[in-house]
Amino acid sequence: MEQRVLSEEPERETMEFDVVIVGAGPAGLAAAIRLKQLAAEADKDVSVVVLEKGSTVGAHILSGAVIDPVALDRLIPDWRDKGSPLETQVTKDRFSFLWRTGGLGVPNIFMPPLMSNHGCYIGSLGSLCVWLAEQAESLGVEIYPGIAVTEAIYGPGGEIEGVITGDMGVARDGSHKDSYTPGIALTGKYTLLAEGARGSLSKQLIAKLGLDTQSGPQKFGIGLKELWEVPAEKHKPGLVQHTMGWPLDEKTGGGSFLYHFGERLVSVGFVLHLDYANPYLNPFKEFQRAKTHPAIRQHLEGGKRIAYGARALTEGGWQAIPQLAFPGGALIGCAAGFMNVPRIKGSHNAMLSGMMAAEAAFEAIQAGRARDVLDAYPEGLKTSSMAAELKKVRNVKPLWSRFGTMLGVTLGGIDMWLNTLFPFLRHTLKHKKPDYATLTRASEAKPICYDKPDGVLTFDILSSVFLSGTNHKEDEPVHLRLTDPSIPIERNLPEYAEPAQCYCPALVYEVVGEGEEQRFQINAQNCVHCKTCDIKDPAQNINWVPPEGGEGPNYMNM
Ligand SMILES: Cc1cc2nc3c(=O)[nH]c(=O)nc-3n(C[C@H](O)[C@H](O)[C@H](O)COP(=O)(O)OP(=O)(O)OC[C@H]3O[C@@H](n4cnc5c(N)ncnc54)[C@H](O)[C@@H]3O)c2cc1C
Ligand code: SF4
């Protein structure tokens with residue numbers, strides 16, 4: 001990674017803050033709000049800026065979402081009276097194992113208490129972030145959407161001094177257009193990275209600073225989601241349904257979610273663990289297939305799909321959390337990976353981690369410190385309720401990966417019960433391979449035949465991407481960077497049938513032409529910023545870097 005020292009770049013505009021936060025998701029916004037609350041309580045001032053690559057706050061947020069209000073209750077205790085968009089409480093919680101034509105409901109009584117969704121709220125995390133941003137701005141936080149952060153600024157001792165935002169107005173060939181504006185530098189006493197799963201700057205820092213040397217590789221899933229408007233007679237506000245099994249085979253982890261909320265809205269989605277083996281597997285098409293099961297289709301028939309999107313999520317859990325604090329900054333939220341996989345919930349922990357990092361940063365700033373290590377954040381986290389929650393479920397994902405869905409999930413359930421009843425148990429299973437190393441060779445894998453979409457319940461990718469409102473300029477550098485451009489055709493195609501053609505949920509990657517003329521085409525303008533290619537490419541040859549700020553999907557209510 002290129003190392004920038006600010007003093008070498010005098011022409012770059014610089015803005016100084018106490019705390020710079022990258023990403024206006026639940027983690028970044030909770031951190032910003034907490035910092036301002038602490039400052040107000042102490043009658044001090046602390047300057048906080050939040051930078052967001054989406055065109056607006058929420059434009060790049062995609063989640064289920066059933067939200068555990070534990071963090072909101074702590075951050076803004078009267079959030080229910082302040083016009084928050086979380087209005088639908090969970091009233092019914094179903095979990096089923098599916099086979100092709102039927103399914104078996106698992107009674108709630110078999111589930112450990114931590115799996116219960118009662119007391120949680122169903123809504124759009126994107127809308128919640130819009131509301132959180134309003135709360136933050138009312139406290140004096142500066143929020144700048146449409147700004148992508150591309151690099152860190154390093155001080156003379158290697159400490160993080162702040163960040164640099166991406167240049168605007170660069171043509172595909174690298175030349176400057178008339179609209180060219182160089183990125184600016186934002187410096188802070190502390191920089192908090194809240195980029196969510198597989199953050200691009202977080203990835204650079206984790207590698208450069210060796211933050212994952214103790215924790216080992218993070219694990220990921222790809223989550224695909226559609227928002228449907230359904231007839232009033234079909235709408236059951238408060239109903240939460242999760243399924244496992246069909247259409248996935250025993251060895252492939254994942255499942256569907258379906259949540260009824262708001263005004264006739266149903267959020268339906270599918271999570272597929274990215275340690276799958278078959279290179280022909282297509283997460284988008286598995287999701288479309290899942291919707292044809294009676295358990296899911298009955299909720300959608302007669303309705304209309306109004307939105308689509310996809311996003312990676314972290315699945316490594318407690319044992320995959322990297323070193324959180326480093327000189328000048330810290331990782332918060334899913335940039336570190338606080339997702340509770342069996343609950344499919346991470347937003348409450350994202351917020352809690354942001355609040356803990358904010359408390360450590362505020363204390364340090366009040367003590368006159370700057371750009372050192374915020375040790376109080378990881379120390380406090382170790383004994384937090386969040387740690388207790390994540391430890392209870394730490395073995396579920398490794399057991400699922402090792403033993404498949406039926407046995408792995410059953411063992412995972414037993415393990416969760418054991419850890420609930422005997423919280424002193426310490427057995428922790430490690431994750432095995434990183435997700436990019438789990439594919440079998442195409443010659444040993446079975447191609448999968450997917451049905452054609454009907455355009456009513458099931459859809460093709462391009463009409464879906466259209467609904468995501470995704471937009472990138474044609475004439476700008478491709479933001480999916482290949483370290484070695486020959487690898488897709490010369491290595492990935494013969495070995496793995498170039499799986500990017502299948503795993504990308506936006507049809508960005510295509511192998512076009514015949515024989516000697518074959519080439520790898522990157523339709524970068526379709527990219528919904530899910531980060532799956534950066535994670536799953538078997539050669540680790542695709543590097544996702546932020547395109548110009550304000551580009552990418554324009555999700556609403558996702
Ligand atoms: C399909 C799916 C379903 C889920 N369901 C649930 C659920 O039901 N309940 C639940 O609690 N959790 C759920 N989660 C997980 C939850 O969404 C995450 O845990 C949560 O969003 C993490 O919050 P975050 O703030 O860490 O990151 P994010 O929500 O990902 O936010 C990161 C923000 O940072 C911005 N950003 C990233 N990089 C940069 C950059 N370089 N420059 C500027 N801005 C940047 C992004 O645009 C984004 O707005 C689900 C996730 C998925 C994908
Ligand atoms: S190109 Fe990569 S980040 Fe973009 S949508 Fe496809 S898999 Fe996701």
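A cavity is a set of grid points where a 1.4 Å probe fits but cannot get out, and its lining residues have an atom within 4 Å of a point. I kept this definition at hand while reading the model, which is predicted.

**Entry 1: the cavities.** I looked up the cavities of 30 Å³ or more and noted four of them. For the largest cavity I recorded a volume of about 800 Å³. I counted 49 residues in its lining, with I61, L62, G196, A197 and R311 nearest its centre. Helix 1, strand 2, strand 14 (220-229), strand 16, strand 18 and helix 7 each give two or more residues to this lining.

**Entry 2: the ligand.** I asked where ligand 1 sits. I found ligand 1 in the largest cavity. Of the 37 residues around ligand 1, I listed E52, S63, V66, C334 and S347 as the nearest. By class, I noted 21 nonpolar, eleven polar and five charged residues in this shell.

**Entry 3: polar atoms at the ligand.** I read 2.6 Å between a polar side-chain atom of S347 and an oxygen atom of ligand 1. A polar side-chain atom of E195 lies 2.9 Å from a nitrogen atom of the ligand. For P26 I noted a backbone N or O atom 3.2 Å from a ligand oxygen atom. I also recorded that ligand 1 taken alone exposes 990 Å², of which the protein buries 97%.

Key: Residues numbered from 1 in each chain as written. Chains lettered and ligands numbered in written order. Predicted model: local features only at pLDDT ≥ 70, side-chain atom pairs only at ≥ 80, totals over all residues. Heavy atoms only, no water. Near = heavy atom within 4 Å. Polar contact = N/O pair within 3.5 Å; in protein donor to acceptor, adjacent residues only side chain to side chain. Areas by Shrake-Rupley, 256 points an atom, 1.4 Å probe, with all protein chains shown as cover. 1 Å grid on protein atoms, 1.4 Å probe; cavity = no way out; pocket = protein on both sides within 12 Å on 5 of 7 lines; lining within 4 Å. Sits in = over half its atoms within 2 Å of the grid points. Nonpolar A, V, L, I, M, F, W, Y, C, P; charged D, E, K, R; others polar. Points joined across faces, edges and corners; volume = space filled by probe spheres on them. Helix = DSSP H or I, 4+ residues; strand = E, 2+ residues; numbered from the N terminus.
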